[in-house]
Amino acid sequence: MLDLFILENCPYCKKVMSYMDEHHIKYNKIDIANKSSEESLINIGGKRQVPFMVDKDRNIQMYESNDIIEYVKTLM
């Protein structure tokens, strides 16, 4: 399953979540408003930027909403 680090009010995060929800793609939403989630994001990705997606099964990590959506399309 994909992990998606987000902030609820981030328009780029909403864009990715909407796409994934519309296409019934399962993901684990991790809101970095939670301090420990924010620290995890920085430890994994190196910076505090959302959205950030992690595909543990394929060892893929990426920022940028359009890149995430294009990647998710390849999984469908």
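Accessible areas come from the Shrake-Rupley method with a 1.4 Å probe. The model on screen is a predicted one.

**Whole chain, surface view**
Select the protein chain and show its surface. The accessible surface comes to about 4700 Å², and carbon and sulfur atoms hold 46% of that area. Of the 76 residues, 41% are buried.

**Whole chain, cartoon view**
Switch to a cartoon. The protein chain contains 3 helices and 4 strands. Followed along the sequence, they come in the pattern β-α-β-α-β-β-α. The radius of gyration is 11 Å, close to the 11 Å that the globule rule gives for 76 residues, so the protein chain is as compact as a globular protein of that length.

Among contacts with a separation of 6 or more, 50% are between residues 24 or more positions apart.

**Charged side chains**
Select Lys, Arg, Asp and Glu next. The protein chain has 10 positive and 12 negative side chains. The centres of these two sets lie 1 Å apart.

A disulfide is a covalent bond between the sulfur atoms of two cysteines. How many disulfides does the structure hold? It holds 0. For Cys10, the nearest cysteine sulfur is that of Cys13, 3.1 Å away. A disulfide needs the two sulfur atoms within 2.5 Å, and the 3.1 Å from the sulfur of Cys13 to that of Cys10 is too far for a bond. Cys10 is buried, with a relative accessible area of 12%. Cys13 is also buried, with a relative accessible area of 0%.

Conventions
Residues are numbered from 1 along each chain as its sequence is written. This is a predicted model: local features need pLDDT of at least 70, side-chain atom pairs count only at pLDDT 80 or more; totals for chains, interfaces and linings use all residues. Side-chain values use heavy atoms; hydrogens and water are left out. Helices (H or I, at least four residues) and strands (E, at least two) are DSSP runs, numbered from the N terminus. The radius of gyration is taken over C-alpha atoms; the globule rule is 2.2 Å times the number of residues to the power 0.38. Buried means under 20% relative accessible area, exposed over 50%, partly exposed in between (1.4 Å probe, protein chains only). Contact means heavy atoms within 4.5 Å. The place of a charge is taken as NZ of Lys, CZ of Arg, CG of Asp or CD of Glu.
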